[in-house]
Amino acid sequence: QKSNFETMNNDMISQKQEYKEKVDANGAHITTKFNDVSRDEAGNEVKHVHKYQQEGNLMTETSKTRTIDGETVRKHTVELSDAELAKPELKLEEGEVSKKHEEKIKTDESGKHTITKDNTVLEGPNGDAIKRVHKVVDENGAKTETFKTKDPRDGSQIEKSVVA
């Protein structure tokens, strides 16, 4: 389900693809989403969203189209067999409450932007949540890396650096 698109067709203003995997006490949730924005004959923006969401053995597919006249939404859910289930790559380690991995690729007039983000929530000593985030943003080859820690004992720390 993961794929990179490099080129947009001529009518497109922007395209975005997201892949998100989350694992917690309820198991794994995997979402793949495709968005694109184009123009109709009159020059008005038309937005399309196509989303697949897997929770347990259920897969929900949602299609949305938003035009100047309003929004149309189609949604249906199917039960997946074991063979059809996407196998999550994330596993919870000892002390972890949840983990999330996100990848976003966006292409528009200003070029290609890629965001990769990893979040981990740990159980702190008093049952508080300790959150860790690692994010890498690539805008046309200019990379920024951010590490964030949010610990109830000593607040938030943010470390941001530019990667060559």
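These legends accompany close-up views of a predicted model.

**Figure 1**
The protein has 0 helices and 10 strands. From the N terminus on, its elements run β-β-β-β-β-β-β-β-β-β. Its C-alpha atoms fill a box of roughly 60 × 45 × 30 Å along the principal axes. Of the 164 residues, 29% count as buried. The accessible surface comes to about 10800 Å², and carbon and sulfur atoms hold 46% of that area. Among contacts with a separation of 6 or more, 31% link residues 24 or more positions apart.

**Figure 1. Confidence along the chain.**
The mean pLDDT of the protein is 89. A value of 70 or more is reached by 93% of the residues. Residues 1-6 fall below 50. Beyond near neighbours in sequence, that stretch still has 16 contacts in the model. Which strands mark the highest and lowest confidence? E5 is highest, at a mean of 97, and E10 is lowest, at 87.

**Figure 2. The open sheet.**
The sheet holds 10 strands in the order E5-E4-E3-E2-E1-E6-E7-E8-E9-E10. The pairing is antiparallel. At the edges stand strand E5 (70-79) and strand E10 (155-163), and each pairs on one side only. From one strand to the next, the twist averages 10°. Strands of a sheet pair through backbone hydrogen bonds, either parallel or antiparallel.

**Figure 3. Strand E1 and its two partners.**
Strand E1 covers residues 12-24. It is joined to E2 by 12 bridges, and the two run antiparallel. E1 and E2 form a hairpin, with 2 residues between them.

Glutamine 17 has phenylalanine 34 of E2 as its bridge partner. Glutamate 21 stands opposite isoleucine 30, also in E2. On the E6 side, valine 23 is the bridge partner of lysine 99.

**Figure 4. Histidine 29 in strand E2.**
Histidine 29 is found in E2, which spans residues 27-39. Is the residue buried or exposed? Its relative accessible area is 16%. The cut-off for burial is 20%, so histidine 29 counts as buried. Its side chain makes a polar contact of 3.3 Å with the side chain of aspartate 24. Leaving aside neighbours within four places in sequence, histidine 29 is in contact with Lys20, Glu21, Lys22, Asp24, Gln54 and Glu55. Of these, Glu21 is also the residue opposite isoleucine 30.

**Figure 5. Threonine 60 in strand E4.**
Threonine 60 lies in E4, residues 58-67. It is buried, with a relative accessible area of 17%. Which side chain makes a polar contact with that of threonine 60? The partner is threonine 77, at 3.0 Å. Not counting residues up to four places away in sequence, threonine 60 touches Lys51, Tyr52, Gln53, Lys75, His76 and Thr77.

**Figure 6. Glutamate 145 in strand E9.**
Glutamate 145 sits in E9, residues 142-151. Its side chain makes a polar contact of 2.6 Å with the side chain of histidine 134. Its contacts, leaving aside neighbours within four places in sequence, are His134, Lys135, Val136, Glu159, Lys160, Ser161 and Val163. How far is glutamate 145 from phenylalanine 34 in space? The C-alpha atoms are 25 Å apart, and the two residues are 111 residues apart in sequence.

**Figure 7. Asparagine 140 in the E8–E9 loop.**
Where does asparagine 140 lie? It belongs to the loop between strand E8 (129-139) and E9. Most residues other than glycine have a negative phi.

How values were computed. Residues are numbered from 1 along each chain as its sequence is written. This is a predicted model: local features need pLDDT of at least 70, side-chain atom pairs count only at pLDDT 80 or more; totals for chains, interfaces and linings use all residues. Side-chain values use heavy atoms; hydrogens and water are left out. Helices (H or I, at least four residues) and strands (E, at least two) are DSSP runs, numbered from the N terminus. Buried means under 20% relative accessible area, exposed over 50%, partly exposed in between (1.4 Å probe, protein chains only). A polar contact is a pair of N or O atoms within 3.5 Å; within protein, one must be able to donate a hydrogen and the other to accept it, and residues adjacent in sequence count only if both atoms are side-chain atoms. Contact means heavy atoms within 4.5 Å. Two strands pair if DSSP finds at least two bridges between them. Axes are lines fitted to C-alpha atoms, for helices over the stretch in contact, and angles run from 0 to 180 degrees between N-to-C directions. Accessible areas come from the Shrake-Rupley method with a 1.4 Å probe; for residues, only the protein chains shown count as cover. pLDDT is the predictor's confidence in each residue, from 0 to 100.
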